[in-house]
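The stops below follow one after another.

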Amino acid sequence: MAPPVSPPRAAVPPVRSFGPVTHLDSTAAGAHLQSDAGAAMRLDFLTDGVLRVRLAPFGRFSDGFSYALDPEADWPGPARLEIEGDEDSVTLQTALLTARIERATGRLSVRTPDGLPVLDDADAPGWTAEHAVLVKRLRDGERVLGLGDKTTTLDRRGGRYAHWNTDAFAFERGTDPIYKTIPFVLGIGEDGVAYGLFVDTPARSSFDVGAADPKRLIVEAEAGALTYYVFHDPSPLAIVQAFTRLTGPMPMLPRWALGYHQCRYSYRSADEVRAVARGFRARGIPCDALYFDIHYMDGYRVFTWDRDAFPDPAGLIRELEEDGFRTVVIVDPGVKADDPDYAVARDGLERGAFCRMPDGEPYVGDVWPGPCYFPDFTDPAVRRWWGGLHRELLDAGVDGVWNDMNEPAIFDVEQEGAADVEENAKTFPDDVRHHYEGHGADHALAHNVYGMQMVRATYDGLKALRPDRRPFVITRAAYAGTQRYATGWTGDNASTWDHLRLALQQALSLNVSGMAFVGADVGGFIGAPSGELLARWMQLGALMPLFRNHSGLDSPPQEPWVLGEEVERVCREAIELRYRLLPYLYTQMHRAAEEALPILRPLALVHPDDETVREQSPDGFYVGPDLLAYPVLHEGQREAEVYFPPNSGGWFDFHTGTPYEPGTTHRVEAPLGTMPLFVRAGTVLPLDPVRASTAEAAGELTLRVYASGGSFAASLYDDAGDGWGYHDDEAHRVMLRVEQGEGRLTLHPTIEGSYEPGWQVYHVEIIGVGGGKRAVLAEAEPLPISGESGILRFQISRLGPISVEL
Ligand code: MIG
């Protein structure tokens, strides 16, 4: 394989610096500045804690067009803005931050209202012949998270990262760049003071996070005019939320998206797919989705079927559906060019849908089908055409679409093994032309949004063709904001322990970067996992939003049952755990969609000023606000060192109910069958019964009340699992208020929305009040209880107020 694309050159000092400020006009939302060097800067507060900075080297700003921004986001402007100036500086102050511009240089410093440093220019912005350059100060002890699924550690400090979406087959820790570009970082100071920085350019760019100079964050972008955003809020989670709002939250996905997914490159025939489906049902291992990789197509022609291997796709998919399986098919961007009878190529040529060289000839590059044309997904008309091409797939019953190779990736045989790989090797030449929503652009600018615009075409197409269903799309390449259209996976990883660790880091970092619904190939794509590795990966995968097992062309089978009985049992239990957690995960997906919250959360994001988190970087992470996981990530590891962060009331072991004090560290046993998992005291965890797939109704719900000794509220969201009825409040929103004191615990549910989940029985479990015979009153009836030690259990048939005498 070719070595990874080389990062751009080392930082060059700008030849042109912003220069002394000569003019300053204040505006309703900020200020407009000009320098004596002819450069200009506009500062606009979108809210009190979101500052947009636009820079123009020669006084002319870009038109503000950006693929990253959510067109539906609505920004109120600052609630209150005070602008003051003196000889040295101009200060803009909102309730959340202070931005100060130094008149002599144009340097910007952003501080909290109390004057604590947030993000300061070390140098004024400037320009080299090719780049805009930002130089920010890194504070001592600052951690820098984000940058999508870059392959180092959660904390990016000490590394230099390039943005150029790349088909990084067999990437390893340290390979850069890989598939996605999300130029957003979250800086967290030693004091917990945090900022977000989003540099909104899809052009080639780099982030040097203290590699060249430990005190500097240097951003270089192949751009003249440049827009960036600074976010500040006392809560780092709110910063991630604001960035995610800016670039758009994920939409609600169908419930089955949260089930277990089984993939392989490739299940090669209808019979092979049937055998896999039977394998799950015969063994009673839950599974919701099966994937068809490139061999389902006729000679890799997109939107066709190989009729020898899949003689009756609609029949097969119907059979699978009757058995509770959804079908996801791969669609690549390359359209086979050397077949005059191939309708998609003909049609695309007639419409001028394909990317062209500067001379007007369609660009042709080699991928699986041989020479291919490539749709210009930056053209809205092309996106509509492409979206419509999915009709036959949907008519055959296909449920979801998997977009691969959309960096875009090109085979570059001559380059293989070459020592000197150019920056644009394995993709289009820089001068391929793009429509770019009518603005016109070279591939050098459009490259990093190509994959995003492809999944946009897919998402919009699926939605238009099947308006009553939520589209499910999965993508490999991305730019900031791609979560509006697709879930993501992390590409061609390998079956190694380090990749297991990377998979977690990448998923957490993507969540910090706005992409909540992500996962890595469980078990690893390249090579073959040992039984132990597959088992541990299943356990981790069960907590990832996208839980998909996938393996490569030359890999042996990787379904949950192929590595012996013990591993099969552990895999089954991990998948069963996933299905029990579904109502909690569905609630978190809804919060990601409605509130732009991440689903996975690194400890540093939740506990920014915690010393143990800062100094020891424990392996734990959060799934939603209430589940704390310490997955096993090392071969032979049979116990976990678990740090329990501050939480009033402490923590409980999910599996055993054992309580733990906050602020303590414990060694917890983790035999092969157990992934250490803990629940926050002060929550109600909803659990489903295990079922073969989400196609079966759950029928009942378990509510596990984790008592904290005080009062708290917990929420639960449910709806029909597909469709858009919840927009009309065809949803089921439960707010559970729990009060504890004076020998009594009460539970008051408030229910809103017209959707009826059809739970006939509620199993209530109260943890943390001691077991034994207690009087339980619900709907004014005393209920029989079973008192296993430490856990109080009873059943009710209708959710109403409950009172328990302690
Ligand atoms: O060049 O479609 O990352 O998941 O199985 C390989 C075949 C193309 C790369 C994807 C992988 C997929 C494979 N694809």
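Select Met-405 to begin. In this predicted model, Met-405 has a relative accessibility of 6%, so it counts as buried, the cut-off being under 20%. Met-405 sits in the loop that runs between strand E26 (400-403) and strand E27 (433-434). Look at its backbone too: phi is near 60 degrees, a positive value in a residue that is not glycine. Most residues other than glycine have a negative phi.

Is Ser-617 buried or exposed? With a relative accessibility of 52%, Ser-617 counts as exposed, because the limit for that word is over 50%.

The ligand is surrounded by 13 residues, and the closest are Asp-293, Asp-404, Arg-476, Asp-492 and His-550. By type, the shell consists of eight nonpolar residues, one polar residue and four charged ones.

- From a nitrogen atom of the ligand to an N or O atom in the side chain of Asp-404 is 2.6 Å.
- From an oxygen atom of the ligand to an N or O atom in the side chain of Arg-476 is 2.8 Å.
- From an oxygen atom of the ligand to an N or O atom in the side chain of His-550 is 2.9 Å.

How much of the ligand's accessible area does the protein cover? On its own the ligand has 350 Å² of accessible area, and the protein covers 95% of that.

Now switch to a cartoon view for the sheet. Eight strands form an open sheet with parallel pairing, in the order E32-E31-E29-E26-E22-E21-E20-E33. The edges are strand E32 (518-519) and strand E33 (547-549), each of which pairs on one side only. Select strand E20 (residues 260-262): three bridges join E20 to E33, and the two run parallel. Within this pairing, His-261 has Arg-548 in E33 as its bridge partner.

Follow the chain on from E20 to Ser-266, which lies in the loop between E20 and helix H2 (270-283). The peptide bond joining Tyr-265 and Ser-266 is cis, with omega about -5 degrees. Most peptide bonds are trans.

Another cis bond can be found by selecting Asp-176 and Pro-177. The peptide bond from Asp-176 to Pro-177 has omega near -5 degrees. Pro-177 is placed in the loop between strand E13 (159-163) and strand E14 (180-181).

Pro-202 is the next selection, in the loop between strand E16 (194-199) and strand E17 (205-209). Pro-202 has a relative accessible area of 9% and is therefore buried. Which residues does Pro-202 contact, leaving aside neighbours within four places in sequence? They are Tyr-436, Leu-445, Asn-448, Val-449 and Tyr-479.

End at Glu-102, in strand E8 (residues 98-102). Its side chain makes a polar contact of 2.4 Å with the side chain of Thr-105. Not counting residues up to four places away in sequence, Glu-102 touches Val-21, Asp-88, Ser-89 and Arg-107.

Technical notes
Residues are numbered from 1 along each chain as its sequence is written. This is a predicted model: local features need pLDDT of at least 70, side-chain atom pairs count only at pLDDT 80 or more; totals for chains, interfaces and linings use all residues. Side-chain values use heavy atoms; hydrogens and water are left out. Helices (H or I, at least four residues) and strands (E, at least two) are DSSP runs, numbered from the N terminus. A polar contact is a pair of N or O atoms within 3.5 Å; within protein, one must be able to donate a hydrogen and the other to accept it, and residues adjacent in sequence count only if both atoms are side-chain atoms. Contact means heavy atoms within 4.5 Å. A residue is near a molecule or strand if one of its heavy atoms lies within 4 Å of it. Accessible areas come from the Shrake-Rupley method with a 1.4 Å probe; for residues, only the protein chains shown count as cover. Ala, Val, Leu, Ile, Met, Phe, Trp, Tyr, Cys and Pro count as nonpolar, Asp, Glu, Lys and Arg as charged, and the others, Gly among them, as polar. Two strands pair if DSSP finds at least two bridges between them. Buried means under 20% relative accessible area, exposed over 50%, partly exposed in between (1.4 Å probe, protein chains only).
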